[in-house]
Amino acid sequence: MRASRLYAPTLKENPNDAEVVSHQLLTRAGYIRKLTAGVYDFLPLSRRVLRKIETIIREELDRAGAQELLMPLVQPAEIWQESGRWQQYGPELLRFKDRKGAEFCLGPTHEEVIVDIVRRDVRSWRDLPLNLYQIQVKFRDEVRPRAGLMRGREFIMKDAYSFDVDEAAALTTYDAMYDAYKAIFTRCGLDFRPVEADTGSIGGSRSHEFQVLAESGEDAIVSCDACDYAANVEQAELRAPALAPAAPSAPAPTVVATPQLKSIDEVSAHLGLPARALIKSLVVEADGALVMALVRGDHELNEIKLKKLLGATSVEMASEERILKSFGVPAGFLGPHALPAGAVSRVVADAALRGAVDMATGANTRDAHFTGVSLERDAQVSAYADLRLAGAGDDCPRCSGKLRAFRGIEVGHVFYLGTKYSAAMKCHIIDEQSVERPIVMGCYGIGVSRVMAAAIEQNHDAEGICWPMAIAPFQVHILTLQPNVPEVVACAEALYAACQRAGIEALYDDRELRAGAKFKDADLMGIPLRVAIGGRGVKDGVVEVKGRREAAATLVQISGAVEHLKAQIAGQLTGQLTPAERAQ
């Protein structure tokens with residue numbers, strides 16, 4: 001491709017609404033343009049990147065036994081009502097009516113559609129296993145689309161769905177897809193971690209996220225420093241320390257004045273106690289009822305774990321108005337001891353507080369706290385459970401190691417669904433014993449456009465993008481530093497033609513611009529290898545070859561430039577290919 005013909009309008013400044021690096025660089029380098037909030041145009045450079053990611057996905061899923069199809073974006077309400085998700089999914093589901101008044105939605109996911117497809121024709125256990133996938137546009141009406149392609153409303157996604165005769169077969173498929181995902185992200189050249197995760201609105205009982213490690217990631221994850229355990233902090237299991245119960249003769253709680261001091265840090269400093277010696281009393285609404293959840297002052301409540309413990313459909317922090325109405329004091333002065341009668345339906349506590357003694361809590365009186373609280377003696381706790389977010393330094397739940405903390409960007413998610421959808425939508429088979437039973441399912445998603453953005457969040461510098469070779473829009477960027485010198489142009493044209501014959505994907509910057517402008521655009525676009533051709537080098541029979549991540553260029557003989565580039569490309573792809581490809 002000649003740069004003079006490429007549609008890649010670059011910008012000197014970041015767009016005003018670009019919060020993250022990937023959004024800034026994709027826009028400045030001419031990869032994307034914003035159409036409206038959370039919806040983007042993919043220009044030719046980004047389409048080349050997306051096509052490469054899609055190709056890797058297709059090759060690995062085909063190798064795992066999956067088959068590609070394409071399902072409609074527009075979905076009828078009836079099938080969502082069958083599954084029970086028409087109201088459950090929430091406002092992110094964009095609902096609308098056609099001219100006849102029939103209700104539809106724009107698909108944010110395709111569980112209902114794929115089940116409808118399979119139940120029409122699959123009748124016998126002999127028709128299974130079946131694994132079907134698509135790569136298609138999705139739409140989720142995010143209330144606050146942000147971070148460019150990281151949290152948009154319209155996005156490109158690969159979703160796959162497996163159908164098996166029983167749980168054992170379904171888990172075998174799950175493991176095969178898990179391995180396929182590891183191969184996909186390895187081939188894309190990404191540093192990632194598969195982590196245990198919550199199943200969210202899709203449901204199911206087994207789930208792993210694939211997280212690309214990046215400081216800008218919105219997900220917090222932890223992994224063990226001694227074993228392969230890794231999890232999203234919302235899902236990570238935690239072991240509670242063993243604490244001795246309070247002695248019966250321990251002094252009763254004492255009221256201490258804490259005027260206008262409500263936060264853990266303020267009360268901790270005022271009392272001269274570490275945060276771990278305080279109890280954080282949080283009030284939530286669980287399906288409308290007030291519940292008090294207790295965690296240690298240096299810990300954070302995990303609302304997902306709390307929701308599971310309570311068996312609630314929804315859990316959210318109670319409003320200040322409702323807290324004042326129920327307790328008569330602001331949230332910062334609440335505690336489990338001497339609770340107003342009927343203020344909450346129950347009190348639950350994190351397991352790290354079991355047996356906790358001599359703790360400080362709110363006194364349920366304005367500007368006052370209790371000290372000397374022994375939780376099991378002084379409060380009516382109905383349940384102790386793992387209710388907190390994991391963090392660096394916590395004990396690994398699987399071994400004697402410690403957890404390390406990372407930031408991650410979720411690019412893939414695999415779920416074991418079981419019969420959640422097949423049972424609800426009567427997607428049944430007749431098994432070997434002639435018994436009718438629901439098919440056992442799995443679900444597997446990859447955010448294709450998010451992979452592109454995540455790759456940039458992980459691979460960039462102050463000058464621009466640094467693409468991994470496997471997904472770069474081009475492999476080589478050829479620059480003519482003196483486009484008005486015939487010998488330079490002739491050398492560049494010859495090298496460009498030779499690259500094409502050798503199967504090297506080259507972008508040839510033949511524009512009549514200053515060398516500095518071409519170098520700046522090359523760094524911004526991030527193509528892995530750059531070849532600079534100038535008059536002095538042509539006279540000496542050499543060109544300058546520089547890797548995007550390298551500080552200095554290497555002089556290479558013009559006669560051997562193509563072979564040098566092929567070797568560099570192969571070297572950067574090593575480790576990103578499948579074993580079968582490396583063996584070829």
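Analyst: A residue is called buried when its relative accessible area is under 20%, exposed when over 50%, and partly exposed in between (1.4 Å probe, protein chains only). This is a predicted model, where local features need pLDDT of at least 70 and side-chain atom pairs count only at pLDDT 80 or more, while totals for chains, interfaces and linings use all residues. Residues are numbered from 1 along each chain as its sequence is written, and side-chain values use heavy atoms, with hydrogens and water left out.

User: Why is Q475 called buried?

Analyst: Its relative accessible area is 12%, and the limit for buried is under 20%, so the term applies. Q475 sits in the loop between β26 and β27. Leaving aside residues up to four places away in sequence, Q475 touches K52, M469, G503, I504, E505, I527, P528, L529 and I569. A contact here means heavy atoms within 4.5 Å.

User: What makes strand β29 mostly covered?

Analyst: β29 spans residues 529-533, and five of its five residues are buried. A strand is a DSSP run of E with at least two residues, a helix one of H or I with at least four, and both are numbered from the N terminus. The cover is on both faces: L529, V531 and I533 are buried on one side, R530 and A532 on the other.

User: How do you know that β29 is paired with β27 and β30, and which way do the strands run?

Analyst: Two strands pair if DSSP finds at least two bridges between them. β27 (residues 476-480) is joined to β29 by five bridges, and these strands run parallel. Four bridges join β29 to β30 (residues 542-547), which run antiparallel. Both counts meet the requirement of at least two, so both are pairs.

User: What is the order of the three-strand open sheet, and what is its pairing?

Analyst: The order is β13-β19-β18, and the pairing is antiparallel. β13 (254-257) and β18 (359-362) are its edges, each with a single partner strand, so one side of each has no neighbour in the sheet. The twist averages 35° from one strand to the next. Four bridges hold β13 to β19 (residues 368-373), with A257 opposite A368. Three bridges join β18 to β19, with M359 opposite V373. The hairpin of β18 and β19 has five residues between the strands, and N364 takes a positive phi near 55° there.

User: Why is helix α1 described as mostly covered?

Analyst: Seven of the eight residues of α1 (residues 21-28) are buried, namely S22, H23, Q24, L25, L26, T27 and R28. Elements that cover them include β1 (32-36), β2 (39-42), α12 (448-458) and α14 (515-525). Just after α1, G30 has a positive phi of about 80°.

User: What are the values for the whole chain?

Analyst: The chain has 17 helices and 31 strands, and 53% of its 584 residues are buried. Among contacts with a separation of 6 or more, 69% are between residues 24 or more positions apart. The accessible surface is about 25,900 Å², of which 50% belongs to carbon and sulfur atoms, computed by the Shrake-Rupley method with a 1.4 Å probe. The C-alpha trace spans about 95 × 65 × 55 Å along its principal axes.

How values were computed. Axes fitted to C-alpha atoms, helices over the stretch in contact; angles between N-to-C directions.
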